[in-house]
Amino acid sequence: MASDPQQHTLSSLGKVGKSSGEIGSVEEPLINGGVHGSENYSVVAAILPFLFPALGGLLYGYDIGATSCATISIVSATLSGISWYDLSSVEIGLITSGSLYGALIGSVLAFNVADFLGRRRELLAAALLYFVGALITALAPDFPIMVIGRFVYGIGIGLAMHAAPMYIAETAPSKIRGRLISLKEFFIVLGMVGGYGIGSLLVDTVAGWRYMYGASTPLAVIMGIGMWWLPASPRWLLLRAIQGKGNMQELRETAVGCLYRLRGPAFGDSAPEQVDEILTELAYVGDEKEATLSEMFKGKCLKALTIGAGLVLFQQITGQPSVLYYAGSILQSAGFSAASDATRVSILLGLLKLIMTGVAVLVVDKLGRRPLLLGGVSGMVISLFLLGSYYLFLDDVPVVAVVALLLYVGCYQLSFGPIGWLMISEIFPLRLRGRGLSIAVLVNFGANALVTFAFSPLKALLGAAILFYIFGAIAVASLVFIFFVVPETKGLTLEEIEAKCL
């Protein structure tokens, strides 16, 4: 319809002196009103297309929680149930971070195969890798086999954390898309709390670490069966149609059928109309051309990559792993008896994270993405400077550290925790969503690995106070980035986001 989509593209940065939340007033004739403006959907029908992909996040969180307890069990001479329990710190590190390095590999794989496989089949592959990885780890006869199992499981994490937000974003009704994708973060935290809880129950059992890892296999099976039953993403089918990767009419009819299944009876007879509107919008914004690698770093593709990768980078380098590392000692200094038990401290913080993520889920589609990011990160800035001050000159007032710790955890879960994943699933144009999101996930896991690796040497070199001040300064920089670069996407369809925000 429009031969030069670039002429109609709006800048998400606006004019000099404006924040990115101020989107211009240029009319977009194809992107306003229409079926999207009055999407009907059945809440019951919307649950399953969210639930089964979200299990990928729950299994990721469970691995974090279970591993923290498994590393205690596996080095015990009396409770490990193995002859190779005398593991070095490097070997323990490989068990702990093996899934993280596997996730990095999974992110690289996703870059090359995501758009070919599609979201549904990528999640099927993730479920299979979760199952195989957990089984290998739980039944490992020696340390090398266990590490292989951890890597395999990690590849599943990389694929799941890449495909799940895409599938949910592309199948969810616009009115509740933010809530559902943020709820995936809730499932990650729920998995962490579940991992801590099951781990604490099994930590005193002989060979308890095997049961901890094996306990995730039933969920992997449920996830696999669920993704086998769910339909493909209609938007992915339509993308293949306009890019000439199949018969247009057949793919259109399949997409109509998928929409009926995803929306339920409340959708009525509007599926063909919405499919045609999506096809028109995809052509209008130029998605009929397949994105090349060089194009990823040009124009609106680069803008989307800057927003997505920038958010997940700041999500990690504002010190979340480091703050949680100090949680036990902070609570202990305040006289909490539970601080002597690392597992109980983890469960306590996990429950706080769960509650605050739940708050974010409830308000994200009412308040919007930017207010939560700006408000939450502002709270993180205050808490990081309070923590730095505590370790520098307020060490006789432990209540300051406890308040700062709780404030940081709560504000992170209101902002970067759920909104980072939400924004990267929304912001990329459809034709480069697979590759763009794989780069963002790679940045996320890479930055996580870097912060985890660099924390101890930086703490030894600079001290905890200076390190927290540095994290606070980075958080201030992230506020500037959010204010001037990150657009508001509340209430917009994915096609409207591409037309109006990039």
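The questions and answers below go through the structure by topic.

Colleague: What kind of model is this, and how are residues numbered?

Modeller: This is a predicted model, where local features need pLDDT of at least 70, side-chain atom pairs count only at pLDDT 80 or more, and totals for chains, interfaces and linings use all residues. Side-chain values use heavy atoms, without hydrogens and water, and residues are numbered from 1 along each chain as its sequence is written.

Colleague: How far apart are the end C-alpha atoms of helix α7?

Modeller: Helices here are DSSP runs of H or I, at least four residues, numbered from the N terminus. Helix α7 covers residues 217-229, which is 13 residues. The expected span is 1.5 Å times one less than the number of residues, so α7 should span 18 Å. The end C-alpha atoms agree with that, at 19 Å.

Colleague: Is R240 buried or exposed?

Modeller: R240 lies in helix α8, residues 234-242. Contact means heavy atoms within 4.5 Å. Beyond its neighbours within four places in sequence, R240 touches D115, F116, K245, G246 and L251. Its relative accessible area is 17%, so R240 is buried.

Colleague: What is the geometry of the ring pair Y60 and F445?

Modeller: Rings of Phe, Tyr and Trp (its six-membered ring) pair if their centres lie within 6.5 Å; planes under 30 degrees apart count as stacked, over 60 as edge-to-face and the rest as tilted. Y60 in helix α1 and F445 in helix α18 (residues 430-462) are 385 residues apart. Y60 is buried at 13% relative accessible area, and F445 is buried at 0%. With centres 5.9 Å apart and planes at 80°, the pair is edge-to-face.

Colleague: And what is the geometry of Y130 and Y153?

Modeller: This pair links helix α3, which holds Y130, with helix α4, which holds Y153, 23 residues apart. Both tyrosines are buried. The ring centres are 4.8 Å apart and the planes are at 55°, so the pair is tilted.

Colleague: Which ring does the charged end of R261 sit over?

Modeller: A charge sits over a ring if NZ of Lys or CZ of Arg is within 6 Å of the ring centre and within 35 degrees of the ring normal. R120 lies over the face of W228, at 5.9 Å from the ring centre. For R261, the distance to the ring centre is 5.1 Å, and the ring is that of W229.

Colleague: How far apart in space are L367 and K490?

Modeller: L367 is in helix α14, residues 342-367. Beyond its neighbours within four places in sequence, L367 is in contact with L372 and K490. L367 and K490 are 123 residues apart in sequence, yet C-alpha to C-alpha they are 8.2 Å apart.

How values were computed:
Helix = DSSP H or I, 4+ residues; strand = E, 2+ residues; numbered from the N terminus. Buried < 20%, exposed > 50% of the residue type's maximum accessible area, 1.4 Å probe, protein only.
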